[in-house]
Amino acid sequence: SQTKLESLLELSVRTSSSSSMEPMLDSLHVRLMPTSAVQEVLHVISIDGLATDAPSTVGSSDAGLTGWETFSLEWTPSWPLSVVFNVKSMTKYRWLFRQLWGYRHLERVLSDAWASLQAMKGLPAPGLFGASSALLRRMLHFIR
């Protein structure tokens, strides 16, 4: 739930080495988005009038989204910073965060797959997993 995520965020900020973040803790929130990052971008593009033939599914909620796809952090800046960090710029930062968050999830999945392949390395089938292991290593190197 969102409340549990908020409390975990607060706990992680308080126990981290960057104690300078504590004053900003009240303006940092967890947000669970109803649509995927791509759908959100397409929706904004269709509102701005940049897309002439926007898909009909734009703005609709995606029922099959996982927690990784819906998770986002939201920061509400106080007065002097709110002049620079307006709603439009914060939306772009949210898109960037969601994209980087997706890459982090992909890195984790690839690392788990590579670890599984390493565990199978001792099986008596020589050369069976060599090509897939090399491919996973290349993908991990690209993501990192």
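**Figure 1. Contacts along the predicted protein chain.** Residues 24 or more positions apart account for 63% of the contacts with a separation of 6 or more; contact means heavy atoms within 4.5 Å. This is a predicted model: local features need pLDDT of at least 70, side-chain atom pairs count only at pLDDT 80 or more, and totals for chains, interfaces and linings use all residues. Residues are numbered from 1 along each chain as its sequence is written, and side-chain values use heavy atoms, with hydrogens and water left out.

**Figure 2. Elements of the protein chain.** The chain holds six helices and two strands. Their order from the N terminus is α-β-α-α-β-α-α-α. Helices (H or I, at least four residues) and strands (E, at least two) are DSSP runs, numbered from the N terminus.

**Figure 3. The largest nonpolar core.** Six residues form this core: Leu9, Val13, Leu25, Leu28, Val30 and Phe71. Helix 1 (2-15) and strand 1 (28-32) each give two or more residues to the core. A nonpolar core joins buried Ala, Val, Leu, Ile, Met, Phe, Trp, Tyr and Cys residues through side-chain atoms within 4.5 Å. Buried means under 20% relative accessible area, exposed over 50%, partly exposed in between (1.4 Å probe, protein chains only). Of the 144 residues in the chain, 19% are buried.

**Figure 4. The loop residue Ser78.** Ser78 sits in the loop between strand 2 (71-75) and helix 4 (79-84). Its relative accessible area is 49%, so Ser78 counts as partly exposed. Met24 is 54 residues away along the chain, yet the C-alpha atoms of Ser78 and Met24 are separated by 9.3 Å.
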